[in-house]
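Hi there,

Here is the structure I promised to pass on to you. Have a look at it first, and then read on for what turned up in it.

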Amino acid sequence: MPKLNPTLKRGLIMLVALELIAISINLFYAPHGVAAGGATGLAIIVQELVGIPLSATTLAVNAVMLALAWWLLGRGTFRRILAGSILLPVLLALTPQRMIVEDRLLAVMVGSVIFAVGVALNYRIDASSGGTTVPPLIFKKYFNVKPAVGLFAIDFVICLLNIPVAGLEAFILAVFAVGLSSLVMNYVETGLDRKKAVYVMSSQLPALKQALTATGDYGLTIHQVLGGFSGQPQEMLMVVVEQTNFRALIDQIHQLDAAAFILAVEATEVHGGSLN
């Protein structure tokens, strides 16, 4: 089977990502009047107030953001967000807006997951749906404000607009949606197959390596390090382990050396050859 052209493949992924965002807005957020940040959140507020379609307001907001990107951020940023800024309003117009889940909380939960997957797919191909992703970049360039802080502030202000328009419950649901979307996006971007990287310093290091190698459940290697207290060169064992085997690994290490120093961190991606 012939491989897809990289440009075509990127375009298809962007189209799927933007349609997922449109589905989350039109089928889950908008029918319940929950504005969970972003240009689409602002569009939901406007629709609730004066009845202007989501696609029209989103297109207007994106047009302003494109102009600001061209003027303040340069042509590169403008080109990166151009396609998404135009396509998302079109897909919002083409995707029917209807309530398919009556329970408000359940709708927000499902919508948040779908929205997060769409945004994360866009991030993976370095694309964007435009909108309120532009102001944080401006804040970063001209005021040295971290983009994550700028985006949080903008989304929070839009979430606050829920209170006078749709009530306090809508505001709480909107904040919940932003938090859930961020959590899901993190998992989608870094992968669902998460592992633990465990660093071990022990006086029984050879025996530990032999015992752990014998199980065949772990990827492991030995590194030369400088002792934090002694200042002397020492060996440290690094073990990459599946989440399900983590507790068994710790127990096995403690059985061989109860005084072993252990540091465990989450490993979202592991690349390279065999560690055995």
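Let's begin with one term: two residues are in contact when they have heavy atoms within 4.5 Å of each other. One thing to keep in mind throughout is that this is a predicted model, in which local features need pLDDT of at least 70, side-chain atom pairs count only at pLDDT 80 or more, and totals for chains, interfaces and linings use all residues. Residues are numbered from 1 along each chain as its sequence is written, and side-chain values use heavy atoms, with hydrogens and water left out.

**The whole chain**

The chain has 11 helices and 4 strands. These are DSSP runs numbered from the N terminus, where a helix is H or I with at least four residues and a strand is E with at least two. Of the 276 residues, 41% are buried. Here, buried means under 20% relative accessible area, exposed means over 50%, and partly exposed is in between (1.4 Å probe, protein chains only). If you take the contacts between residues at least 6 apart in sequence, 71% of them join residues at least 24 apart.

**Some buried residues**

Which residues does Val134 touch, leaving aside its neighbours within four places in sequence? They are Met65, Leu68, Ala69, Leu73 and Ile81. Val134 sits in helix 6 (residues 134-143), and it counts as buried because its relative accessibility is 0%.

Gly118 and Leu20 are 98 residues apart in sequence, yet 5.2 Å apart in space, C-alpha to C-alpha. Apart from neighbours within four places in sequence, Gly118 is in contact with Ala17, Leu20 and Ile21.

Now go to helix 2 (residues 38-50), where you will find Gln47. Is Gln47 buried or exposed? It counts as buried, because its relative accessibility is 18%. The side chain of Gln47 makes a polar contact with the side chain of Gln97 (2.9 Å). A polar contact is a pair of N or O atoms within 3.5 Å; within protein, one must be able to donate a hydrogen and the other to accept it, and residues adjacent in sequence count only if both atoms are side-chain atoms. Beyond four places in sequence, the contacts of Gln47 are Ala30, Ile52, Pro53, Leu54 and Gln97.

Thr40 is in helix 2 as well, and it is buried with a relative accessible area of 7%. With neighbours within four places left aside, Thr40 is in contact with Ile25, Leu54, Thr58, Leu88 and Leu92.

In helix 10 (residues 205-215), the buried residues are Leu205, Leu208 and Leu212. Seen down the helix axis, they fall within an arc of 60°, so they line one face of helix 10. That arc is taken from the directions from the helix axis to the C-beta atoms. An α-helix has 3.6 residues a turn, so residues three or four places apart point the same way. On the other side of helix 10, Pro206, Gln210 and Ala214 are exposed.

**A salt bridge and a patch**

How many salt bridges are there? The count comes to 1, where a salt bridge is a side-chain nitrogen of Lys or Arg within 4 Å of a carboxyl oxygen of Asp or Glu. The side chains of Glu169 and Arg104 form it (2.9 Å, N to O). Glu169 lies in helix 9 and Arg104 in helix 5 (residues 104-124), so the pair ties together parts 65 residues apart in sequence.

Phe152, Phe156, Leu160, Ile163, Leu168, Ile172 and Val175 make a nonpolar surface patch of about 620 Å². Helix 7 (147-160) and helix 9 (168-190) each give two or more residues to the patch. Patches are made of residues with over 30% relative accessible area and no salt bridge: like charges are joined within 9 Å, and nonpolar side chains (Val, Leu, Ile, Met, Phe, Trp, Tyr) within 5 Å.

Enjoy exploring!

Methods. Accessible areas come from the Shrake-Rupley method with a 1.4 Å probe; for residues, only the protein chains shown count as cover.
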